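Okay, thanks everyone, I'll keep this short. Have a look at the model on the screen while I talk.

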Amino acid sequence: RQMKIGFIGLGNMGGPMAANLAKAGHDVTGFDMADVTIAGVKMAGSAAEAAKGADVVITMLPNGQILRAVAADIIPAMDKGATFVDCSTVDVDSARAVAQQAEEAGLLAVDAPVSGGTGGASGGTLTFMAGGSDAAFAKAKPLFDIMGQKAVHCGAAGAGQSAKICNNMILGVTMIATCEAFALADKLGLDRQKMFDVVSTSSGYSWTMNAYCPAPGVGPQSPADNDYKPGFAADLMLKDLRLSQQAAESADADTPMGALAQALYAQFVENEDGKGMDFSAMLPRFEKRGHS
Ligand code: NAD
């Protein structure tokens with residue numbers, strides 16, 4: 001069935017996601033602060049206008065503060081019974097607060113952050129991790145199936161964001177471990193290709209080694225082969241590690257490796273040359289800063 005969809009936040013991720021919904025035959029009205037055009041998507045003059053009369057409103061915004069501001073505009077504009085799906089990566093508290101406001105206004109709400117990056121967004125192969133009621137998830141699922149290849153209903157409101165930040169804490173920690181091991185291997189005179197051949201089929205293997213190898217010319221194509229242009233930017237990794245540490249703090253969880261990864265990415269992005277680089281550029285960072 002064709003649905004009327006409002007899509008707010010048409011950036012690197014939201015743009016291609018909205019285009020895929022339009023391509024699948026849905027009636028998509030978009031809004032972004034920036035002046036953008038997306039194939040097949042009608043543009044509205046405000047977020048509230050894009051949300052008005054929609055069966056489903058999807059947001060794909062930079063952070064929790066912006067999500068809260070946009071939610072305050074669109075929730076009152078939406079029809080009762082409509083579904084509000086936030087796909088941004090935000091803090092668990094913002095996700096829960098926005099879901100509660102939506103439900104109090106008679107809407108269904110889902111937090112559904114994604115993994116898969118801009119390639120997954122344009123290819124329609126994202127993974128969605130969702131939090132919310134069964135009814136809300138069921139409403140959003142056909143749209144997840146267009147924009148992605150997998151959608152996991154993780155639990156109640158906030159559960160999608162919880163899964164996302166736990167995943168990305170592992171990702172940040174593992175990337176650092178992979179990069180420092182390559183830098184050590186260099187110092188030990190070990191060939192990088194041999195290092196890859198061994199580790200990618202031994203117990204040190206991981207997504208960062210096998211699918212997104214930080215060493216140029218080794219393993220499958222990755223941002224390392226493109227001068228470390230993102231890909232997944234180091235400052236977005238830092239954002240996600242801050243979210244996991246913030247969540248750990250408020251849930252009283254002990255995450256020492258996550259804390260260290262956050263500190264290293266903060267140093268890299270804020271005091272070194274990591275801003276604008278892919279998060280795998282930790283490898284040249286370790287090379288440059290080794291003791292000689
Ligand atoms: P982006 O900066 O390219 O897009 C965000 C868009 O939101 C921009 O176009 C911006 O103009 C718009 N925007 C900001 N404030 C707005 C407002 N008040 N009203 C309307 N539009 C507004 O970022 P992105 O890469 O598309 O990421 C979006 C979200 O997805 C982030 O939460 C990010 O953490 C998450 N994410 C990104 C990736 C990735 O690889 N880029 C992967 C997974 C998740």
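This is a predicted model: local features need pLDDT of at least 70, side-chain atom pairs count only at pLDDT 80 or more; totals for chains, interfaces and linings use all residues.

Numbering runs from 1 along each chain as its sequence is written.

So, which residues come nearest to the ligand? Out of 25 around it, they're Gly9, Gly11, Asn12, Met13 and Thr89; "near" means a C-beta atom, placed from the backbone, within 6 Å. Two elements give two or more residues to that shell, α3 (64–74) and α5 (117–123), and α3 has the largest share with three. Helices here are DSSP runs of H or I, at least four residues, numbered from the N terminus.

Next, helix α1 (residues 14–23) packs on helix α6 (residues 134–147) at about 105 degrees, axes 9 Å apart. The axes are lines fitted to C-alpha atoms over the stretch in contact, and angles run from 0 to 180 degrees between N-to-C directions. That makes the pair roughly perpendicular, a label covering 65 to 115 degrees. Met17, Asn20 and Leu21 of α1 meet Leu143, Ile146 and Met147 of α6, contact being C-beta atoms, placed from the backbone, within 7 Å.

The peptide bond from proline 230 to glycine 231 is cis, omega near 25 degrees. Tyrosine 228 has a positive phi, near 60 degrees, and sits in the loop between α9 and α10. Aspartate 252 also has a positive phi, near 55 degrees, in the loop between α10 and α11 (256–270).

Key. Angles under 35 degrees count as roughly parallel, over 145 as roughly antiparallel, 65 to 115 as roughly perpendicular and the rest as oblique. Two residues are in contact if their C-beta atoms, placed from the backbone, lie within 7 Å.
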